[in-house]
Amino acid sequence: SGEAAFIRDIITSEVVRLTDQDESSICSRLDQIREDIRRQPTEHGWEKSGALSAYADEDPYIENNALSWKAGSEIRLLFSNFTIFRLLSHTAP
C-alpha cells in the first residue's frame, strides 16, 4: 500500500540519519530484519499490552510496525531511550 511504503521510507531515512551509515547498508540490514519477520510472522506484529494483537503478515502497515520494533531494538543499543515510533510521530504527515 502507499501508506505502508511511505512509512517504510521514513523508517529507512530516520535510521540512516540517526546512525550516520550509508543508505545501502541500512537498506540491506532492514531487508534482513524484514525477512526474519516474514519467516516467523506469528512472532512479530502489532503489540498491545504485552501481547500480539495482529501478526506481521496480516497487513503491510503491521509489518512496518514489527520492522520498527526490531530495528529500534538494534538502534536502542546505540542510542539510549530511542524508539522509531517517537520519530515517526514527529515526521509522518
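Where is the place of Ala71? Select Ala71 and you'll land in helix α3. Keep in mind as you click around that this is a predicted model.

**Stop 1**

Ala71 has a relative accessibility of 4%, so it counts as buried, the cut-off being under 20%. Ala71 and Arg29 lie 42 residues apart in sequence, yet their C-alpha atoms are 8.7 Å apart in space.

**Stop 1: the strands**

Next, pick residues 45–48, which make up strand β1, and then 51–55, which is β2. The two strands run antiparallel, and four bridges join them.

**Stop 2: the turn**

Follow β1 into the turn: the two strands form a hairpin, with two residues between them. Click on Ser49, which sits in the loop between β1 and β2. Check its backbone, too: phi of Ser49 is near 55°, a positive value in a residue other than glycine. Is Ser49 buried or exposed? Ser49 is exposed, because its relative accessible area of 77% is over 50%.

**Stop 3**

Carry on past β2 to Asp59, in the loop between β2 and α3 (60–76). Asp59 is partly exposed, at 35% relative accessible area.

How values were computed. Residues numbered from 1 in each chain as written. Predicted model: local features only at pLDDT ≥ 70, side-chain atom pairs only at ≥ 80, totals over all residues. Heavy atoms only, no water. Buried < 20%, exposed > 50% of the residue type's maximum accessible area, 1.4 Å probe, protein only. Pairing = 2+ DSSP bridges.
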